[in-house]
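Student: I have a structure open and would like to learn how to read its features one by one. Could you walk me through it?

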Amino acid sequence: MQEYEGRCHCGAIKFSFKAPKIVDGLRCNCTICSNKGALMSSFLVPQEDLLVEIKDGALATYKFASEVAEHHFCKICGIYPFHHTLRKKGHYRVNLGCIEGVDSLKLPFDVIDGASL
Ligand SMILES: [Zn+2]
C-alpha cells in the first residue's frame with residue numbers, strides 16, 4: 001500500500017488515503033461522468049480510510065437520479081475530487097487528476113457501464 005495525497009485546484013479540499021500503487025483508472029459512461037470527463041480510481045477507498053480536510057465549507061454535493069451516489073465538488077474552484085460510489089455504500093472513488101505524483105493522462109483505463117445502473 002502507498003500513501004497518496006490529493007487536492008482540488010484551489011487547495012480548499014485536501015485528502016489522503018492509502019491504496020495499492022495506482023497503475024490504471026476508470027471512466028464511466030453515465031451522464032455526469034461523461035460530462036466531467038474525469039479519470040477515477042479503479043479501486044474503492046473505504047470512507048474511514050479517506051482523510052479529508054476542508055477549508056471554509058468548500059465541499060458541496062450534487063446528487064441526481066437514485067440520489068445514492070454523491071458527487072462532491074469544491075464550491076470555490078469547481079473541481080471534483082471524489083465521489084461516494086453507487087456501487088458500494090461507504091466507499092469512494094477519487095479523481096486521479098487530483099492526486100500528487102500521478103499523471104492521469106498517461107494511465108490506461110477501463111470504461112464501466114454506469115449508464116445502465
Ligand atoms: Zn477548490
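This is a predicted model: local features need pLDDT of at least 70, side-chain atom pairs count only at pLDDT 80 or more; totals for chains, interfaces and linings use all residues.

Student: Let me start with Ser 41: which residues is Ser 41 in contact with, once its neighbours within four places in sequence are left aside?

Tutor: A contact here means heavy atoms within 4.5 Å. With the neighbours within four places in sequence set aside, Ser 41 is in contact with Leu 26, Arg 93, Val 94 and Leu 96. Ser 41 itself belongs to strand β4, which covers residues 40–41.

Student: Is Ser 41 buried or exposed?

Tutor: The cut-off for buried is under 20% relative accessible area. Ser 41 has 0% relative accessibility, so Ser 41 counts as buried.

Student: How should I read His 91, and what does His 91 touch?

Tutor: Begin with the element, then turn to the surroundings. His 91 lies in strand β10, residues 91–94. Its relative accessible area is 16%, so His 91 is buried. Beyond the neighbours within four places in sequence, the contacts of His 91 are Leu 44, Val 45, Pro 46, His 83, His 84 and Thr 85.

Student: Where is Phe 109 found, and how far apart in space are Phe 109 and Phe 73?

Tutor: Phe 109 sits in strand β11, residues 109–112. From C-alpha to C-alpha, Phe 109 and Phe 73 are 22 Å apart, and in sequence they are 36 residues apart. Not counting residues up to four places away in sequence, Phe 109 touches Gly 25, Leu 26, Arg 27 and Leu 39. The relative accessible area of Phe 109 is 41%, so Phe 109 is partly exposed.

Student: Now backbone angles. What is the phi of Asp 56?

Tutor: First the general idea: most residues other than glycine have a negative phi. Asp 56 has a positive phi of about 55 degrees, although it is not a glycine. Look for Asp 56 in the loop between β6 (51–54) and β7 (59–62). With a relative accessible area of 70%, Asp 56 is exposed.

Student: Let's move on to charges. How many salt bridges are there?

Tutor: Side chains of opposite charge can pair when their charged atoms come close. The cut-off is a side-chain nitrogen of Lys or Arg within 4 Å of a carboxyl oxygen of Asp or Glu. By this rule the count is three salt bridges. One of them joins Lys 18 to Glu 3, with the closest N and O atoms 3.6 Å apart. That pair links distant parts of the chain: Lys 18 is in strand β2 (residues 13–19) and Glu 3 in strand β1 (residues 2–7), 15 residues apart.

Student: How exposed are the two partners, Lys 18 and Glu 3?

Tutor: Lys 18 has 52% relative accessibility and counts as exposed. Glu 3, at 48%, counts as partly exposed.

Student: And which residue does Glu 70 form a salt bridge with?

Tutor: Glu 70 pairs with Lys 63, and their closest N and O atoms are 3.6 Å apart. Glu 70 is partly exposed, at 22% relative accessible area, and Lys 63 is partly exposed too, at 36%.

Student: At what N to O distance do Asp 103 and Lys 106 meet?

Tutor: The side chains of Asp 103 and Lys 106 meet in a salt bridge at 3.4 Å. Asp 103 is partly exposed, with 37% relative accessibility, whereas Lys 106 is exposed, at 69%.

Student: How many positive and negative side chains does the protein have?

Tutor: There are 14 positive and 13 negative side chains, and the centres of the two sets lie 2 Å apart.

Student: Finally, the whole fold. Which elements does the protein contain, and in what order do they run?

Tutor: The secondary structure comes to one helix and eleven strands. From the N terminus the order is β-β-β-α-β-β-β-β-β-β-β-β. The radius of gyration is 13 Å, close to the 13 Å that the globule rule gives for 117 residues, so the protein is as compact as a globular protein of that length. Of those 117 residues, 42% count as buried. Among contacts between residues at least 6 apart in sequence, 55% join residues at least 24 apart.

Terms used. Residues are numbered from 1 along each chain as its sequence is written. Side-chain values use heavy atoms; hydrogens and water are left out. Helices (H or I, at least four residues) and strands (E, at least two) are DSSP runs, numbered from the N terminus. Buried means under 20% relative accessible area, exposed over 50%, partly exposed in between (1.4 Å probe, protein chains only). The radius of gyration is taken over C-alpha atoms; the globule rule is 2.2 Å times the number of residues to the power 0.38. Lys and Arg count as positive and Asp and Glu as negative; His and the chain ends are not counted. The place of a charge is taken as NZ of Lys, CZ of Arg, CG of Asp or CD of Glu.
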